[in-house]
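Hi,

Here is the structure I promised to pass on.

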Amino acid sequence: MTGTGTPFESHFGMPIFTWRHQHPEQERTFVASMASISGTENAAVAKAYPFGELARLVDVGGAHGHLLATILTRHRRLHGVLYDQPQVVASAASSGFLARPELRKRSAVEGGDFFASVPAGADGYVMKYILYDWDDDECTNILTHCREAMAPRGRVLVVEHVIPPGNAANWGKLLDINMLTLTGGRERTKEQFAALFARAGLRLKRVVPTACPLSVVEAVRR
Ligand SMILES: C[S@@+](CC[C@H](N)C(=O)[O-])C[C@H]1O[C@@H](n2cnc3c(N)ncnc32)[C@H](O)[C@@H]1O
């Protein structure tokens, strides 16, 4: 690290998300690889958290909607919004995760930039593998948009590794180095998530473990 950006930026001359945007083939491969990893995790996430308590859930940075489809399939009264970059949601239909008529009726797809805004009025904002891409200022920006957009008793649900105390081996610690070199983001401990939420006017309410290495970190307005 030189202090002027990530090793990825030093080599490619731009942030990784900009580079992928300019390389659609790589973007497609990346989205497909995330969906593939997610295939081993999303059922565990959908089962562990009581998403059925919500009426409308926005999947912030939801790629092609694999997680949202898994949650909507399990909770049949819930409505969902898939939110990601315009060029990503433009090809979401090709993956077919939300294609079943039963899911299409209860879902909407919206393109946008979570640094500018997120869809308003939902009572749940889930984001899986999002905050680990970004530094604390950028995460505060995303979380603040969620707080401003959400319904009065809304919740923000961050699905990530929560790094445990101590020096034991942990997959999340390896990803931490990956994020440092590629995106400038990081993995976080429970205390670090709590501090981030506080900066965005939110309060960490609880950490819900799942049967996979990810946890659901729940936050509400302070
Ligand atoms: C690591 S992937 C996670 C995808 C998905 N949530 C999952 O768990 O498989 C990060 C996602 O954030 C999206 N993203 C990045 N920057 C964004 C922005 N400014 N606005 C909206 N989405 C963005 C990417 O397109 C990508 O789908």
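First, the ground rules. This is a predicted model, so local features need pLDDT of at least 70 and side-chain atom pairs count only at pLDDT 80 or more, while totals for chains, interfaces and linings use all residues. Residues are numbered from 1 along each chain as its sequence is written.

Helices (H or I, at least four residues) and strands (E, at least two) are DSSP runs, numbered from the N terminus. Buried here means 20 or more other C-beta atoms within 10 Å of a residue's own, against 12 or fewer for exposed and partly exposed in between, with C-beta atoms placed from the backbone.

S2 runs parallel to strand S1 (residues 56-60), joined by five bridges; two strands pair if DSSP finds at least two bridges between them. Leucine 57 has glycine 80 in S2 as its bridge partner. Between S1 and S2 the chain passes through helix H5 (residues 66-74), in a right-handed β-α-β crossover (with the strands pointing away from the viewer, the path from the first strand over the helix to the second runs clockwise). Five bridges also join S2 to strand S3 (residues 107-111), again parallel, and there aspartate 84 stands opposite glycine 111.

The largest nonpolar core has 49 residues, and Val60, Tyr125 and Leu143 have the most contacts inside it. Such a core is a set of buried Ala, Val, Leu, Ile, Met, Phe, Trp, Tyr and Cys residues joined through C-beta atoms within 7 Å. H5 gives the largest share, five residues. Leaving aside neighbours within four places in sequence, leucine 143 is in contact (C-beta atoms, placed from the backbone, within 7 Å) with Val156, Leu196, Phe197, Ala200 and Leu202.

Histidine 161 sits in the loop between strand S5 (155-160) and helix H10 (171-182). With 21 C-beta neighbours inside 10 Å, histidine 161 counts as buried.

Finally, the ligand. Of the 17 residues around it, Met34, Gly61, Ala63, Phe114 and Lys128 come nearest; a residue is near if its C-beta atom, placed from the backbone, lies within 6 Å. By class, the shell has nine nonpolar, four polar and four charged residues (Ala, Val, Leu, Ile, Met, Phe, Trp, Tyr, Cys and Pro count as nonpolar, Asp, Glu, Lys and Arg as charged, and the others, Gly among them, as polar).

Cheers

Terms used: Contact = placed C-beta atoms within 7 Å.
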